[in-house]
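Subject: Handover of a structure for your review

Dear colleague,

Please find below the structure that I am handing over to you. My notes on what was found in it follow directly after.

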Amino acid sequence: MSHMSYREALRRSLQEALRQDPRVFLMGEDVGRYGGTYAVSKGLLEEFGPERIRDTPLSELGFVGAGIGAALGGMRPIVEVMTVNFSLLALDQIVNTAALYRHMSGGQFSVPLVIRMATGAGRQVAAQHSHSFEGWYAHIPGIKILAPGTIEDARCMLAPALRDPDPVLLFEHTVLYNMEGEVPDECRVDISSARVRREGSDVTIITYGGSLPKALEAAETLAAEGIRAEVLDLRVLRPLDDATIMASVRKCRRAVVVDEGWRSGSLAAEVMARIVEQAFYDLDAPLARVCSEEVPIPYARHLEEAALPQPEKIVAAVRTMLGA
Amino acid sequence: MRQSKGIAHHAPPPPTGPVPYDQEFSQVLLRDMLRIRRLEEKSAELYGAAKIRGFLHLYIGEEAVATGALHALTPEDNIVATYREHGHALLRGVPMGRIMAEMYGKKEGCARGRGGSMHLFDADARLFGGNAIVAGGLPVAVGLALADSMRGTGRVTACFFGDGAVAEGAFHESVNLAALWQLPVLFCCENNLYAMGTALECYESQPDLTAKAASYGVKALAVDGMDVVAVHEAVKAARTRIAAGQGPIFLEFKTYRFRAHSMFDAELYRHRDEVEEWKTRGPIHTFSARLKAEGKLDEAQFLALDREAEQEVEQAVEFAEAGEWEPVGDLLKDVYTPGGPA
């Protein structure tokens, strides 16, 4: 086991990929000379040079599309979009090209591209820098969506994402970059399954990414009250691992979904719909969810906190559900 | 602003000067323009008969561009095209039958019926679509060229797009990237003077499109897109330069679409006299006339080439008619690649 931060874990995964496969290169805004906006790629320019740690202009549509083309041309590009907020400028290439090429070409062209981006709120950077659009992207067939919420996943998800022949979007929540913890020396993770992060029997708290530590904190609080909450980390938002979700829900017979996306049309809504479709008669109580309030994320600290899912809100939702 | 009546865009004078090719190659160019023309005339007819559905965009009038250009590229080069790409696919070597079957929506089509007229793909021909988002192919072309540059393959990527694409941000981002990284991309702008129904001078503050590319430090030239010789010579020279590592080039082919934008276009935005004037500059008959004047073609040979093209079209239709519908059970196939990591 090694001790490291989420940021360091991501950096190690990039370094490993760049060392192992000459086809891999990293491209994005400020990934090289600046060292990465969130310092994830710090030091990589020195080791791998400007060809493979490639600074780009502020042209999200252009360089994401170039990543698609380079993938079609035999490379294994990792494109860093500084944040999910700016990925909207590249949405056309992600949705209309990367996601569609294989199917639209009758199976002739796969796009083995990895796009990394920071996501989420909680750092008082206001409405235009606080989006959580993982759920939007998870709507789209043809791409896969990963949301590492642990240091191990930050360290280990990139390698299978690069082995995947199709486009993979990897969302790194900004509040997790400084989180520290233990990582096994050998990576043994998949990019297809959800994972139980805390065992329980009274209620399943289903979440992912930046909300995972909040859900674990809530479970700890509930444990002191004698409520045994299971915490399920979705990890992979597309395709969703229905089997693991239903197994946990059937065991606990109650579920709360925690999602930093806005409530309406959220990934939480999709998860709840699937539970209703597949496990309705195993439920002892109506499902509940804790999402972001339907408001642009405000700058002021107290308002931002009020807008986002918080451990207290999760605890309250569970107590209400259990009539505790 | 442009007047609603009258000719807004006059056709250039007809090409002059000798055709610098031998009889055989001259007739190849003519034959290929005829193949595209007859394929598309038949496609329009089959659209009327409801054999082909969805969107169908015809290239009729613009054949000199694809013909001159594709004959100047190598089979190893990459082609990225638009939704008006029947000709590009055909001259890239995609069998006409597979193009027709694709338009029919049959399994034998070059995209198994998943793409239709706008999304012709062929991995063997290195034809990367058939892209129907205007300017959507440009960033992909830049990336293909980036891969070739990093891998040292010596390939050139030719990216075709219309004049309308030049107004898109993707154009500017792509040309900048290609110039910044000195990538082997040939930007081929097929300027037919209208972005669907809006005339160039109604949507561009700078209607000289070469000026836009030149502002990124890219060598940019305007070419008579109605003259297969001018197109071929320009692309041949550009390819040589690009392959020598001298960076991307932008070629603006001034051309004209004789037919409507798609099958749903009443053509309210241009005067009939303008279309008729440009038709007098049609790339097939002006080139035929030049060849005849030089003794490289006679009427019997022209008719024979035309008959061959017609026969190829008939066979393509037969192939498409005989094709099968993909079973609905296979609907979800090819959303993801089989065999990815678990």
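Helices and strands here are DSSP runs, numbered from the N terminus, a strand having at least two residues. Please keep in mind that this is a predicted model.

Most residues other than glycine have a negative phi, and most peptide bonds are trans. B:Met196 counts as exposed, with 53% relative accessibility.

A:Ala39 is placed in the loop between β2 and α2 of chain A, and at a relative accessible area of 22% A:Ala39 is partly exposed. A:Pro239 belongs to the loop between β12 (236-238) and α11 (242-252) of chain A.

**The interface between the chains**

The size of an interface is often given as the accessible area lost when the parts come together. For chain A and chain B, the buried area is about 3,500 Å², and carbon and sulfur atoms give 65% of this. On the side of chain A, the residues that lose the most area to chain B are A:His103, A:Met104 and A:Phe109, which together make up 17% of what that side buries. Chain A brings 50 residues to the contact and chain B brings 40 residues.

As to polar interactions, 19 residue pairs are in polar contact between chain A and chain B, both residues being at pLDDT 80 or more. Elements of chain A that each supply at least two residues of the side touching chain B include α2 (44-52), α3 (60-72) and α5 (91-98). The largest share of that side, 10 residues, comes from α3(A). The rule finds 1 salt bridge across the interface of chain A and chain B. The side chains of A:Arg102 and B:Asp334 form a salt bridge, at 2.8 Å from N to O.

**The two domains of chain A**

Chain A is divided into domain 1 (2-183) and domain 2 (195-322). Their C-alpha centres lie 26 Å apart. Domain 1 of chain A gives 31 residues to the contact, and domain 2 of chain A gives 24 residues. The area buried between these domains is about 2,100 Å², with 56% given by carbon and sulfur atoms. In domain 1 of chain A, A:Gln124, A:Ala138 and A:Ala147 lose the most area to domain 2, together 25% of what that side buries.

Across this domain interface the rule finds 2 salt bridges. The side chains of A:Asp153 and A:Arg235 also meet in a salt bridge, at 2.7 Å from N to O.

**Nonpolar cores**

The largest nonpolar core has 89 residues, of which A:Tyr137, A:Ile206, A:Ile275 and B:Phe161 touch the most other members. Domain 1 (2-183) and domain 2 (195-322) of chain A both give residues to this core, so the core lies between them. Apart from it lies another core, of 59 residues, among them B:Ala72, B:Ile79, B:Leu120 and B:Tyr194.

Yours sincerely

Conventions:
Residues are numbered from 1 along each chain as its sequence is written. Chains are lettered from A and ligands numbered from 1 in the order in which they are written. This is a predicted model: local features need pLDDT of at least 70, side-chain atom pairs count only at pLDDT 80 or more; totals for chains, interfaces and linings use all residues. Side-chain values use heavy atoms; hydrogens and water are left out. A nonpolar core is a set of buried Ala, Val, Leu, Ile, Met, Phe, Trp, Tyr and Cys residues joined through side-chain atoms within 4.5 Å. Buried means under 20% relative accessible area, exposed over 50%, partly exposed in between (1.4 Å probe, protein chains only). Domain bounds come from an automatic or database domain assignment. Contact means heavy atoms within 4.5 Å. Buried area is the accessible area (1.4 Å probe) that two parts lose on being put together, summed over both. A salt bridge is a side-chain nitrogen of Lys or Arg within 4 Å of a carboxyl oxygen of Asp or Glu. A polar contact is a pair of N or O atoms within 3.5 Å; within protein, one must be able to donate a hydrogen and the other to accept it, and residues adjacent in sequence count only if both atoms are side-chain atoms. Helices (H or I, at least four residues) and strands (E, at least two) are DSSP runs, numbered from the N terminus.
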